[in-house]
Amino acid sequence: MNAANAAPRRVENLHTDKGKVPVYATGIVEQPWDGYSDDDHATWATLYARQRELLRDRACREFLEAQDAMGMTPDRIPKFAELDVALRAATGWRLIGVEGLLPELDFFDHLANRRFPVTWWIRRPDQIDYIEEPDLFHDLFGHVPLLMNPVFADYMAAYGRGGVKAHAIGPEALQQLTRLYWYTVEFGLIDTPEGLRIYGAGIVSSKGESIHALESPAPNRIGFELERVMRTRYRIDTYQKTYFVIDSFEQLMAATGPDFAPIYARLAAQDSLPAGEVQAGDRVYQRGSGEGWEDGGDV
Ligand code: PHE
Ligand code: CO
């Protein structure tokens with residue numbers, strides 16, 4: 001039962017922080033595990049094996065160890081209920097099945113209550129290398145493992161509470177908070193004794209970006225600084241022009257602990273920054289060559 005024949009019900013096509021994407025019904029669905037086809041399991045197996053190989057020396061240790069600890073394997077699409085046992089014991093999180101991207105407030109509410117929404121369907125074989133919207137592989141392989149890490153798990157729940165708050169403050173606050181999510185949860189890098197490593201879900205679930213994020217001379221790699229990140233626009237249609245590097249999950253948690261209300265107010269009076277520009281005061285790990293970059297298209 002893949003995306004094509006299950007036809008999730010699209011309720012509207014919206015321009016969101018993730019670009020122009022379908023927003024789906026908000027309901028929670030039981031993972032229809034018995035309905036996955038052999039092709040679906042094969043897609044999972046292919047992607048899982050390929051990414052694990054690529055990520056062995058590229059993803060952070062916490063990510064790789066968590067995948068093993070939760071019992072994610074290439075053999076078959078995992079059952080949410082089985083992963084939940086390990087997750088609940090480690091950090092109190094659990095998974096809920098959804099049709100796709102949720103309206104922002106629903107998403108924040110789930111995170112605040114330690115429920116991580118996972119798209120139940122997996123991409124078709126012809127979408128192995130690229131799919132526009134999050135599917136099961138992105139959500140489960142990419143996002144779920146770090147929910148086993150106590151500090152990162154707390155960060156995600158705090159982000160959910162922060163989202164509810166930002167939503168009430170207004171669209172600019174929400175945009176700034178979304179940039180933080182983008183440059184950490186989706187496209188974050190972490191500095192380790194072995195060198196820079198990947199922790200962002202958008203990177204670990206992409207073959208091309210797993211290599212690009214660490215090895216390409218094109219992008220900037222800059223030390224994480226909260227307000228700098230919240231001002232920085234981003235790309236949804238190309239690899240990132242800039243990656244922000246944290247020193248540890250503890251650093252990320254500490255930096256995002258304070259009340260954001262005064263930060264939102266302060267940033268409202270400042271311009272946003274282009275995705276690819278190095279700023280005075282940046283802690284630069286690598287100044288990107290910018291090769292292959294297109295102009296325009298920052299979100
Ligand atoms: N501290 C933030 C606030 O007051 C919430 C938050 C926590 C946001 C962690 C992101 C990550 O809004
Ligand atoms: Co994602």
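Ligand 1 sits in the second largest pocket of this predicted model. Taken alone, ligand 1 exposes 320 Å², and the protein buries 93% of that. Two elements give two or more residues each to the shell around the ligand: helix H7, residues 150-169, and helix H8, residues 171-186. Of these, H7 gives the most, with 5 residues.

The shell can be followed along the chain. Its residues include Tyr-155, Ala-158, Tyr-159, Gly-162 and Lys-165, and these positions fall within the 150-169 span of H7. Leu-177 and Leu-180 are also among the residues around ligand 1, and they fall within the 171-186 span of H8. By residue class, the shell divides into 7 nonpolar, 3 polar and 2 charged residues.

Part of the run from Thr-256 onward meets nitrogen atoms of the ligand through its backbone. A backbone N or O atom of Thr-256 lies 2.7 Å from a nitrogen atom of ligand 1. For Pro-258, a polar backbone atom is likewise placed 2.7 Å from a ligand nitrogen. At Gly-257, the distance from a backbone N or O atom to a nitrogen atom of ligand 1 is 3.4 Å. This falls inside the 3.5 Å limit for a polar contact.

Ligand 2 is a cobalt ion, coordinated by NE2 of His-138, NE2 of His-143 and an OE atom of Glu-186, at 2.0 to 2.1 Å. Along the chain, these donors follow the spacing H-x4-H-x42-E. The site links distant parts of the chain: His-138 is in helix H6, which covers residues 136-143, while Glu-186 is in helix H8, 48 residues apart. Helix H8 therefore has a part in both sites, since it also gives two or more residues to the shell around ligand 1.

Terms used
Residues numbered from 1 in each chain as written. Chains lettered and ligands numbered in written order. Predicted model: local features only at pLDDT ≥ 70, side-chain atom pairs only at ≥ 80, totals over all residues. Heavy atoms only, no water. Near = heavy atom within 4 Å. Polar contact = N/O pair within 3.5 Å; in protein donor to acceptor, adjacent residues only side chain to side chain. Areas by Shrake-Rupley, 256 points an atom, 1.4 Å probe, with all protein chains shown as cover. 1 Å grid on protein atoms, 1.4 Å probe; cavity = no way out; pocket = protein on both sides within 12 Å on 5 of 7 lines; lining within 4 Å. Sits in = over half its atoms within 2 Å of the grid points. Helix = DSSP H or I, 4+ residues; strand = E, 2+ residues; numbered from the N terminus. Nonpolar A, V, L, I, M, F, W, Y, C, P; charged D, E, K, R; others polar. Donors = N, O, S within 2.8 Å, 3.2 Å for Na, K, Ca; no water.
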